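I opened this model to go through its chains, their contact and the sheet. My notes follow in the order I looked things up.

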Amino acid sequence: MSTVLDQIEQQIAKLSTKAVKKNTGNIRTIADGVAKIDGLSDVMYNEMVAFPGGAIGIALNLEESEVGCVILGDVSKLKEGDEVQTTGKLLSVPVGKALLGRVVDALGNPVDGKGPIDSKETYPVERIAPGIMARKSVNQPLFTGIMAIDSMIPIGRGQRELIIGDRGTGKTTIAIDTIINQAKINKVGIAGGDAKFRPVYSIYVAIGQKSSNIVRTVAALEAVGALEFTIIVAATAADNPANQYIAPYSGAAIGEWFMENGMDALIVFDDLSKHAVAYRQISLILKRPSGREAYPGDVFYLHSRLLERAARLDGKGSLTALPIIETLAGDVSAYIPTNVISITDGQIFLETDLFNQGIRPAVSVGLSVSRVGSSAQIKATKQVGGKLKGELAQFRELAAFAQFGSDLDAKTKGQLDRGARIVELFKQPAFSPSPIELQVSVLFAMQKGFFDPIDAKKVVAAAADMKNFFTTRKDALLTEIRTKAALDKDIEAKLQAACEEWKSGYTA
Amino acid sequence: MAAAAKQAQQLARQLFKLSVVDGAVSADRVAGVLAYVEKHASSNSVLVLKAYHRLVAVELAKSEARVEHAGMVAAPALTAIAEAMSKKYGRAIVATARPNPALLAGIRVRVGDDVYESSVAGQLAALSLSV
């Protein structure tokens, strides 16, 4: 008996004194979050490298005589000559439902002061996007709650839809509205107890933004109870470029967990212009050759490999991406905007002029498009809003011509009046997304001419009153529209009757 | 400046290749290289010699097992380490001992960039990182 115990003890002793092999190097230079390291002869591309004091780096440049690493974390205590070790691991972040309702940094560490995150799994930050065979075409809707978008530029689960516009045109607001709308739908769906209901979890990745903006976003989500379905990955303007560079990939890894486990997720990258700038900074310090606008040659791949990770998988879930790009003076033909436009499945273009005219959301109907979303749009919306995009485009064209002459025929005048009413109808305040059934009801009223007798300037108030009427008095009808997702003759008759009832009681 | 550094690097690499015979740095060849650089002195010479020094130092480190130890290390142990490392890396490796009380107990063997840690200090460092 004792011999057996001795044997086990010897084995333990052997194991506990076993030498651990490490591959090491020394910092040669360090600047702006990037270190050049001598040694590290066994390091792999994109491998995690351990710096003294717990800082982590990623090996990005493997050269003949040195290794270029970006450092994630505090670089203030690092100095020339410090020893660096390889870890044999790729950079990973915690994933799972435990992250919901939390604010994390680019490495998945909590930064909201709510204690540690009890996550059982980690996913590598850099992953190859799903292949062709694993994918399924986009045909399930993802409602933003914004009438102008859901009716004219519909988004489907697994789609990549770019939100593009100048600064201060409401890009982030559209993304936050969409997140809030998912939370609202989730709450209704979960409360309804439908076994087939698939909630959409949201991930908001803030890249290079002011901390105060992120605080405001968190507060807005918390105020409407949307934070419990949302994960916020924050790489603020105060974080070093390496953290800003890695944050969207971390967010994508977190989203992929939901997708791989049969759930649906939405990810917002706010914004990829700042991401490209952070990557340019790193690349210039790493002395990589620079190209147009001093961006490195692989800046297209930087975004294509990120956005390709958003997909709808066959037999699994989906990851919908809403990347945001900030333009300068409305120039969509700049380098980064054209790159991302070509990668995504459409774009929502926001115009400064429209925003300043008080048309909010300032969606430019002519320049916005959804390439795959129409197959995901529900039948009810198609029935009431199928011709809206054309009508609005016609209105804009006529409005431009009408500026030159005062004599207009009755038909043109009618078209202009109708267009002006549609524009007013699409105005929507921030952080108040509308359920799709309510959108369908209001668009039905517009289609049937219930807003025609109302002065164009009073359409917004009338629409708000109508929404209130439907929400408080026609709940059963709204539920029917939501569940059937199409307008049959019976529903149309009920809608007509409800609109007439509203009209009889409404005074402008 | 950048072009000069690149040129110096290239020349240093060529000189280094000339200094290696049968996979090991030859003292005679190194002396020959130094004589050549001295004879053909240019404004780049310092840069070339610095780059050359680094390449030779890296190569020499691969042929040396530096054994840091806290306490005594017997000569047979050093020989055993040298033999084991020579077998592992497939080239002749010489073991040299260096006392390092900071290890507290145990040894640390360094061959080129590879470090084999079997010291109390190393285990404590790993423990503090994992906590």
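**Contacts in chain A.** I started with sequence separation. Among contacts in chain A with a separation of 6 or more, 73% join residues 24 or more positions apart. The model is predicted, and I read everything below with that in mind.

I then took the overall figures. Chain A has 508 residues, and 46% of them count as buried. Its C-alpha atoms fill a box of roughly 95 × 65 × 40 Å along the principal axes. I found 16 helices and 16 strands in chain A.

**The sheet.** I traced the strand order next. Eight strands of chain A form an open sheet, in the order β8-β12-β11-β13-β14-β10-β15-β16, with mixed pairing. Which strands stand at the edges? They are β8 (103-104) and β16 (369-370) of chain A. Each has a single partner strand, so one side of each is left without a neighbour in the sheet.

I picked one pair to check its direction. Strands β11 (residues 200-209) and β12 (residues 230-236) of chain A run parallel and are joined by seven bridges. Within that pair, I noted Tyr204(A) with Ile232(A) in β12(A) as its bridge partner.

**Helices on the sheet.** I looked at what packs there. Helix α8 (residues 335-343) of chain A packs on the sheet and touches β10, β14 and β15 of chain A. Its direction makes about 160 degrees with that of β14(A).

Helix α3 (residues 171-192) of chain A came next. I see α3(A) lying across β10 (162-165), β11, β12, β13 (264-270), β14 (318-326) and β15 (346-350) of chain A. The angle of α3(A) to β13(A) is about 160 degrees. I checked the length of α3(A) too. Its 22 residues reach 32 Å from first C-alpha to last, close to the 32 Å expected at 1.5 Å a residue. After α3(A) comes Gly193(A), with a positive phi near 70 degrees.

**Asp465(A).** I looked up one residue in helix α14 (residues 459-473) of chain A, namely Asp465(A). Is Asp465(A) buried or partly exposed? I counted 16 C-beta neighbours inside 10 Å, so Asp465(A) counts as partly exposed. The cut-off for buried is 20 or more. I also took a distance: Asp465(A) and Thr507(A) are 10.0 Å apart, C-alpha to C-alpha, and 42 residues apart in sequence.

**Where chain A meets chain B.** I counted the residues on each side. Chain A gives 13 residues to the contact, and chain B gives nine residues. On the chain A side, strand β1 (residues 20-31) gives the most, with six residues. By class, that side of chain A has three nonpolar, seven polar and three charged residues.

I then followed the strands across the contact. β1(A) pairs with strand β6 (residues 114-119) of chain B in the antiparallel sense, over four bridges. Lys22(A) has Val115(B) as its bridge partner. Lys21(A) stands opposite Tyr116(B).

I checked the other partner of that strand. Within chain B, strand β5 (residues 106-111) and β6(B) pair in the antiparallel sense over six bridges. Here Val109(B) stands opposite Tyr116(B). β5(B) and β6(B) form a hairpin with two residues between them. In the turn, Gly112(B) has a positive phi of about 60 degrees.

Last, I asked how many residues of β6(B) are buried. The count is five of the six, so β6(B) is largely enclosed by the rest of the structure.

Conventions
Residues are numbered from 1 along each chain as its sequence is written. Chains are lettered from A and ligands numbered from 1 in the order in which they are written. This is a predicted model: local features need pLDDT of at least 70, side-chain atom pairs count only at pLDDT 80 or more; totals for chains, interfaces and linings use all residues. A residue is buried if 20 or more other C-beta atoms lie within 10 Å of its own, exposed if 12 or fewer, and partly exposed in between; C-beta atoms are placed from the backbone. Two residues are in contact if their C-beta atoms, placed from the backbone, lie within 7 Å. Ala, Val, Leu, Ile, Met, Phe, Trp, Tyr, Cys and Pro count as nonpolar, Asp, Glu, Lys and Arg as charged, and the others, Gly among them, as polar. Two strands pair if DSSP finds at least two bridges between them. The expected span of a helix is 1.5 Å times one less than its number of residues. Axes are lines fitted to C-alpha atoms, for helices over the stretch in contact, and angles run from 0 to 180 degrees between N-to-C directions.
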